[in-house]
Amino acid sequence: YKTDPGMHSCSTCTNKPEHSTYTGTGGNSSNCTFECDLGYGGADCSSCPPGTYQDGTSSECMPCQNSIPNSKYTGSAGNSSNCPFDCDPGHGGSDCNPCVAGKYKTDPGM
């Protein structure tokens, strides 16, 4: 940033939170523009909560869309089709189908 029209060199910005990248300049140390890294959102670029994502098109965490029936999200991601999830207890496999007769599953996961 550069505050004084007579200054010949620019000063370093200081307002970028962790998990972000500067995208522009500013008129003072606290208003340089930045963008949150993928999977982080909000004004402070905090980690998106489980079941949400931030893909760089917005600064906000958006709801994931890739879960399947009988599952729960376990984390966040950088895009809507890559949010991690585990099968509910009593369900397993890549499609989280119910366990067959005589089988059980107590832990979440695939």
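This is a predicted model: local features need pLDDT of at least 70, side-chain atom pairs count only at pLDDT 80 or more; totals for chains, interfaces and linings use all residues.

Trainee: Good to know. How many disulfides are there?

Mentor: Counting sulfur pairs within 2.5 Å, you get five disulfides.

Trainee: And what is the pairing in sequence order?

Mentor: If you number the bonded cysteines along the protein, the pairing goes 1-2, 3-4, 5-6, 7-8, 9-10.

Trainee: Is Cys10 buried or exposed?

Mentor: Exposed, because its relative accessible area is 60%, and anything over 50% counts that way.

Trainee: What about Cys99, how far is its sulfur from the closest cysteine sulfur?

Mentor: The closest one sits in Cys87, 9.0 Å away, so that is too far for a bond. Cys99 is partly exposed, with a relative accessible area of 28%.

Trainee: OK, back to the bonded ones. What does Cys13 pair with?

Mentor: Cys13 is joined to Cys32, with 1.9 Å from S to S. The link is left-handed, at -65 degrees about the S-S bond.

Trainee: Where do Cys13 and Cys32 lie?

Mentor: Cys13 is in the segment before strand S1 (20-22), while Cys32 is in the loop between S1 and strand S2 (34-36), so their bond ties together parts that are 19 residues apart in sequence. Both Cys13 and Cys32 are buried.

Trainee: Got it. What is the distance between the sulfur atoms of Cys36 and Cys45?

Mentor: Those sulfur atoms are 2.1 Å apart, and the two residues form a disulfide. The bond between Cys36 and Cys45 is left-handed, with -85 degrees about S-S.

Trainee: Are Cys36 and Cys45 buried or exposed?

Mentor: Cys36 counts as buried at 9% relative accessibility, and Cys45 counts as buried at 1%. The cut-off for buried is under 20%.

Trainee: Now, what joins Cys48 to Cys61?

Mentor: A disulfide, with an S to S distance of 2.1 Å. The torsion about the S-S bond of Cys48 and Cys61 is about -80 degrees, so this disulfide is left-handed.

Trainee: Which parts does the pair of Cys48 and Cys61 tie together?

Mentor: Two loops. Cys48 is in the one between strand S4 (46-47) and strand S5 (52-53), and Cys61 is in the one between S5 and S6, so the bond ties together parts that are 13 residues apart in sequence.

Trainee: How do Cys48 and Cys61 come out for accessibility?

Mentor: Cys48 is buried at 4% relative accessibility, whereas Cys61 is partly exposed at 25%.

Trainee: What is Pro69 in contact with, apart from its sequence neighbours?

Mentor: Leaving aside neighbours within four places in sequence, Pro69 is in contact with Asp95 and Cys96. Pro69 and Cys96 are 27 residues apart in sequence, yet their C-alpha atoms are 7.1 Å apart in space.

Trainee: Tell me about Cys96, then. Where does it lie?

Mentor: Cys96 lies in the loop between S9 and strand S10 (97-98). Cys96 counts as buried, at 0% relative accessibility.

Trainee: And what is the phi of Cys96?

Mentor: Near 55 degrees, which is a positive value in a residue other than glycine. Most residues other than glycine have a negative phi.

Trainee: What about Asn70? What is its phi?

Mentor: Asn70 has a positive phi of about 65 degrees, and it is not a glycine. Asn70 is found in the loop between S6 and S7, and it counts as partly exposed at 31% relative accessibility.

Trainee: Last one: which residues is Asp88 in contact with?

Mentor: Beyond its neighbours within four places in sequence, Asp88 is in contact with Asn70, Ser71, Lys72 and Lys105. A polar atom of the Asp88 side chain lies 3.5 Å from the backbone nitrogen of Ser71.

Trainee: And where does Asp88 lie?

Mentor: In the loop between strand S8 (85-87) and strand S9 (91-92). Asp88 is buried, with a relative accessible area of 16%.

Conventions:
Residues are numbered from 1 along each chain as its sequence is written. Side-chain values use heavy atoms; hydrogens and water are left out. Contact means heavy atoms within 4.5 Å. Helices (H or I, at least four residues) and strands (E, at least two) are DSSP runs, numbered from the N terminus. Buried means under 20% relative accessible area, exposed over 50%, partly exposed in between (1.4 Å probe, protein chains only). A polar contact is a pair of N or O atoms within 3.5 Å; within protein, one must be able to donate a hydrogen and the other to accept it, and residues adjacent in sequence count only if both atoms are side-chain atoms.
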